[in-house]
Amino acid sequence: MIYLTHYRTASTDNVELLDDIVYPQKVNWFPDTYSRAKSGLVYVPHKLAEKVLDPELVTYLRENPVGKTAFILAAGNAHFAGLNQRKYDTRLSYTYKFLPFTLTQVYAGRIAQSFGNMDSVTTDSSACASSLKVMMDVQSLINHYRFDRVIVLTVEDGVSNAVLEFFGDSKAVLTQKQEDLGIKPSAFDSTNYGFRVGQGAALAVFESHRAVAMKATIPLAQLVGAYSASEASTNAIGQCEDGEGFTKAMEGAIHYGSVLPRDIKIVKTHGTGTASNNKAEKTALLGTLNDFVATSYKQKIGHTMGASGLLETLLLLDDIKKGFVPAIENRTETDSVFLSESTSAPSGLIMSLAAGMGNIYSAAIFKGL
């Protein structure tokens, strides 16, 4: 068995308009992460990661080894995006003076050292699926390679010139022009749609049954099964409307978790609210599961890119502990499946979904404890 034993999250509902970029838009962000960035001595994604690198937890893990340990940085990219040069200067523009640390694997090695001796250090660049995709890696390391602890840090440089311009170009993100017309971020809705980009990070520790017993740790949840898949698409940044990728990921997680579709009662959707994702994800869910409720967190905290899958899962676990599954914000139609109103948390397994550019789809099943 694989247990989630510790986690820390950072997300924000602080929304601010950035009006000096190519596609003016609102973002969910921590302005303090850009404090002193223009000096070139402070790097924004590092500042964001510091919000979850709890010194007490880091010290505890370093001083309490349990056996073979791995560190995974789920960064969405091989290189943090903020330093991609643009032809214009905005409040997000800066030049970092220590270029090696802009490579995610170099940063991963640096942070991993703070947790003590590591038997494996890797990074994942599976775009917006990154932090959920690595649940399959956690599963493999513990179940097949006899690791006892896997530490996952996930952070991406979402609120940056390059990312905001890319999503503006692709017409995926909500621009201020659309918001001025009354459109609000939502998912699976006929009126409101789309997302804002957000900053967020998460730190999660997964341990084997042996490690939990050794330290008498009280686990917070169980990772039941995880799987990542692709689909037959000729568009590397698009999605098949029939939901093939989501379906294959869900079926894989169900298979490796040795559970039945009817056991899954709560779904944390990818929920970007784009027309393609609405159709693909909804089609896949209704064709694979039954008697479930589904929610999305991007409308509340923004799309935190590579961090989103795991970060949103941890936020859902927090809400379930409080006894409820939150509504998808800004729904305009009554819906008891893709929730227009918050509801009491049903008993059963939790499935979390994510999708990333490059036709990457990930699913992970958790059991709350």
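## Reading cavities, pockets, helices and sheets

Modeller: Let's start inside: helix H5 gives the largest share of the lining of the largest cavity, three residues. Elements are DSSP runs numbered from the N terminus, with helices (H or I) of at least four residues and strands (E) of at least two. This is a predicted model, where local features need pLDDT of at least 70 and side-chain atom pairs pLDDT 80 or more, while totals for chains, interfaces and linings use all residues. Residues are numbered from 1 along each chain as its sequence is written, and side-chain values use heavy atoms, leaving out hydrogens and water.

Colleague: Which residues line the largest cavity?

Modeller: On a 1 Å grid over the protein atoms alone, a cavity is a set of points where a 1.4 Å probe fits but cannot get out; a pocket is an open set with protein on both sides within 12 Å along at least five of seven lines, and lining residues have an atom within 4 Å of a point. Here the lining of the largest cavity is Ile21, Val22, Tyr23, Gln25, Tyr88, Asn161, Leu164 and Glu165. Its volume (the space filled by probe spheres set on the points) is about 40 Å³, and the structure holds one cavity of 30 Å³ or more.

Colleague: And how many residues line the largest pocket?

Modeller: There are 33, with Ala172, Phe195, Ile237, Thr274 and Ser276 nearest its centre. H5 (161-169), helix H9 (275-288) and strand E14 (349-356) each give two or more residues to that lining, and H9 gives the most, four. The volume of the largest pocket is about 640 Å³. Sorted by class, its lining has 14 nonpolar, 18 polar and one charged residues; nonpolar covers Ala, Val, Leu, Ile, Met, Phe, Trp, Tyr, Cys and Pro, charged covers Asp, Glu, Lys and Arg, and the others, Gly among them, are polar.

Colleague: What classes turn up in the lining of the second largest pocket?

Modeller: Six nonpolar, four polar and six charged residues. That pocket holds about 260 Å³ of space. Tyr297, Lys300, Leu315, Asp319 and Pro326 lie nearest its centre, among 16 lining residues. Helix H11 provides the largest share, three residues.

Colleague: At what angle do H4 and H11 pack?

Modeller: Two packed helices are described by the angle between their axes and the distance between them. For H4 (130-144) and H11 (308-321), the angle is about 85° and the axes are 4 Å apart. That makes them roughly perpendicular to each other, a label for 65 to 115 degrees. Axes are lines fitted to C-alpha atoms, for helices over the stretch in contact, and angles run from 0 to 180 degrees between N-to-C directions. Ser131, Leu132 and Met135 in H4 meet Ser308, Gly309, Leu310 and Thr313 in H11, with contact meaning heavy atoms within 4.5 Å.

Colleague: What is the strand order in the sheet of ten strands?

Modeller: Strands pair if DSSP finds at least two bridges between them. This open sheet, with mixed pairing, reads E5-E4-E6-E8-E1-E9-E15-E14-E10-E11. E5 (120-124) and E11 (293-295) are at the edges with a single partner strand each, so one side of each has no neighbour in the sheet. From one strand to the next the twist averages 25°. E9 (221-229) and E15 (360-368) pair in the antiparallel sense over eight bridges, and Tyr227 stands opposite Ala363 in E15.

Colleague: Which strands make up the open sheet of three?

Modeller: E2-E3-E7, in that order, again with mixed pairing. Two bridges join E3 (25-28) to E7, and these strands run parallel. Asn28 has Gly198 in E7 as its bridge partner.

Notes: Angles under 35 degrees count as roughly parallel, over 145 as roughly antiparallel, 65 to 115 as roughly perpendicular and the rest as oblique.
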